[in-house]
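Please have a look at the structure below together with my notes on it. I have kept them as numbered points, so that each can be checked on its own.

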Amino acid sequence: MSPPANDHTNRQAVAVIGAGYVGLPTAATLAHFGHHVVLAEREQSKLAALRAGRMPIVEAGLDELVAGGVAAGNLHFTDSAVDAVAGAAFVFLCVPTPQSADGSADLSYVESAAKEIASSLEPGAIVVNKSTVPVGSANMVEQVIGRPDISVVSNPEFLREGTAVLDSLNPDRIVVGADDARAAAKVGELFSSTRAPLIVTDATTSETIKYASNAFLATKLSFVNALAGLCEEVGADARDVLLGLGYDKRIGFEFLRPGPGWGGSCLPKDTRALLHIASEAGYDFSLLAGAIASNDEQLSRVAAKVETACGGSADGATIAVWGLTFKANTDDRRDSPSLQIAHRLADLGATVQAFDPTVDAETDVPDLHDLQLQADPYAAVAGARVLVVLTEWDEFRWLDFSRVLAAMAEPNIVDARNLLDPAAVRRMGFSYTGIGRQ
Ligand code: UDX
């Protein structure tokens, strides 16, 4: 159930800097709540798409949310951050914080955005760090802006790609952190329509909550994948073992699906950034280091399963890959374990015929040159010795597997997402290898 739109009881002027995976859903959500939002995006192609009503990212429900905000006169676009902050009482920084070589977060975009707007900010405006920034960054932004009348508040996002709109309209909690509690509470009020629990704390604690959340989710998944490996060795069925765990309300069923490892633009970046933050603080976060190492091992375990299905070596084998994105329902391939495994198989000398519903086989895709992109899943399996399912696109479940069987050179399936029914595909004559399945 979405919170009420256009709740004018607390209508504020808001600027959002950056129309990416965080900025665009954030701007559209705040407009939906009735605030007057100006979204600044300097990439002309993205801006043109937005002005034409086309979304620059794949997110369910985003086009309607944006269109609603524009139609209500609550959402406007500009290519100038300076113009966007004119008249704004709140300014959300939603610029990239990519991973540096040493694992720390690169704050150069945050710093340059803060510098660019500092002198144009309205007196008493509140700057909000929405991007995931290391512990202590609120102070850095305050120093860069250098104005005693400007407060900086940490307000981390907890959006999952593919469900960013759902997560924005129905957050589990709103976290705001600042040394000025009044400013923090004012930012929290912007989201009052959600009726979500509000945590008001200091900036360092708020920034730590964000990293700790992602690190815990990654650690939970590393445990699940490692447990699946144990199930294979002791002859247990991971699906039923995890069913037995999930009924415990303290564990729950979310984030309990074994796979090729966790990836995406957040978990890998944030886990390494937190490890870096811990080591800088002189804290040995070995548990988190273990979760990261275990995730790298999971990727190797899946690649080894494919090699075994090839008869011991992938060299010279034709291998079909279904799925390249880091998870289903997104077009994002950043830090995708699916893509990393496909590359690894190509590096081992395999001919990798890859299909992903979000990849147009006709276009030249620079990061996929070592793969043979196919226009449909059946073309991908033609002449293949092994089919490996790497991303859990639901459409893969409903394909004609008798057609797949006829097209393959050998009937071997490695299901890295436990997406398929082992008994059903075995009855058709396939050999089936899952994750933690017998
Ligand atoms: C994550 C956090 O969930 C979100 O709160 C934060 O704001 C951003 O990072 P996201 O990266 O979009 O969101 O994806 P998520 O759905 O969390 O999946 C992360 C990775 O874990 C993906 O590679 C996914 O395939 C994998 N995963 C997830 C599993 O392998 N099994 C699961 O059960 C769930």
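1. Around the ligand there are 19 residues, and Leu159, Glu161, Lys210, Arg257 and Lys327 come nearest, where a residue counts as near if one of its heavy atoms lies within 4 Å of the molecule. Please keep in mind that this is a predicted model, in which local features need pLDDT of at least 70 and side-chain atom pairs count only at pLDDT 80 or more, while totals for chains, interfaces and linings use all residues. Residues are numbered from 1 along each chain as its sequence is written, and side-chain values use heavy atoms, with hydrogens and water left out.

2. By class, the shell around the ligand has 10 nonpolar, two polar and seven charged residues; here Ala, Val, Leu, Ile, Met, Phe, Trp, Tyr, Cys and Pro count as nonpolar, Asp, Glu, Lys and Arg as charged, and the others, Gly among them, as polar. Helix α9 (residues 203-234) gives the largest share of this shell, four residues, with helices (H or I, at least four residues) and strands (E, at least two) taken as DSSP runs numbered from the N terminus. Domain 1 (8-201) and domain 2 (303-433) each supply at least three residues of the shell, the domain bounds coming from an automatic or database domain assignment.

3. Which atoms of Leu159 and Lys327 lie 2.9 Å from an oxygen atom of the ligand? For Leu159 it is a backbone N or O atom, whereas for Lys327 it is a polar side-chain atom. A polar side-chain atom of Glu157 lies 3.2 Å from an oxygen atom of the ligand, and a polar contact here means a pair of N or O atoms within 3.5 Å. The ligand taken alone exposes 660 Å², of which the protein buries 96%, with areas from the Shrake-Rupley method and a 1.4 Å probe.

4. Most residues other than glycine have a negative phi. Arg195, however, has a positive phi of about 60° and is found in the loop between α8 (181-189) and β8 (198-201). At 66% relative accessibility Arg195 counts as exposed, since exposed means over 50% relative accessible area, buried under 20%, and partly exposed in between (1.4 Å probe, protein chains only). Asp335 also has a positive phi, near 50°, in the loop between β9 (318-322) and α13 (337-347), and at 39% relative accessibility Asp335 counts as partly exposed.

5. The whole structure has zero disulfides, a disulfide being a pair of cysteine sulfur atoms within 2.5 Å.

Note on methods: Polar contact = N/O pair within 3.5 Å; in protein donor to acceptor, adjacent residues only side chain to side chain.
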